[in-house]
Amino acid sequence: MNEVNKQALIHNIILEGRKKLSVSGVTDVDRFDESTVLLYTTMGEMTVRGTDLHVNTLSVESGEMDIEGEISGIVYGDPDRRSPLSFMGKIFR
């Protein structure tokens, strides 16, 4: 996906009963496990925390992601970070 298409993605989140989270405007995913999902959206860095988290749908092309599990928190980070840092970037962060 080119930069023009990434910028055109609209970022929305829909949380259904703290069990299902739908995210749009996803540009990249850094990592995920059962307790944390770290992703990047058109609005910047976003972290989802909880227990028994499962990524059911992920399409960076369309910018859609669905997460299920016991969601305990959604935190936005740096709004200027739209993708993961390189190894050297992490050292000097």
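The chat below walks through a predicted model of one protein chain.

Q: What should I keep in mind about the model and its numbering?
A: The model is predicted, with local features needing pLDDT of at least 70 and side-chain atom pairs counting only at pLDDT 80 or more, while totals for chains, interfaces and linings use all residues. Residues are numbered from 1 along each chain as its sequence is written, and side-chain values use heavy atoms, with hydrogens and water left out.

Q: OK, how many helices and strands are there in the chain?
A: The protein chain has 2 helices and 6 strands, and from the N terminus the order is α-β-β-β-β-β-β-α. These elements are DSSP runs numbered from the N terminus, helices being H or I of at least four residues and strands E of at least two.

Q: Which residues make up the largest nonpolar core?
A: That core has 12 residues in all, namely L21, V23, V26, V29, V37, L39, M46, V48, L53, M65, I67 and I71. The elements giving it two or more residues are β2 (20–24), β3 (26–32), β4 (36–41), β5 (44–59) and β6 (64–76). A nonpolar core here is a set of buried Ala, Val, Leu, Ile, Met, Phe, Trp, Tyr and Cys residues joined through side-chain atoms within 4.5 Å, where buried means under 20% relative accessible area, exposed over 50% and partly exposed in between (1.4 Å probe, protein chains only).

Q: And what is M65 in contact with?
A: Setting aside neighbours within four places in sequence, M65 is in contact (heavy atoms within 4.5 Å) with L21, S22, V23, V26, V29, V37, L39, V55, T57 and L58. V23 also stands opposite M65 in β6.

Q: Back to β2, which strands does it pair with?
A: β2 runs antiparallel to β1, joined by 5 bridges, and β2 also pairs with β6 in the antiparallel sense over 5 bridges; pairing requires that DSSP finds at least two bridges between two strands. As for cover, 4 of the 5 residues of β2 are buried.

Q: What happens at the β1 and β2 hairpin?
A: The hairpin has 3 residues between the strands, and G17 takes a positive phi near 60° there, while E16 has K20 in β2 as its bridge partner.
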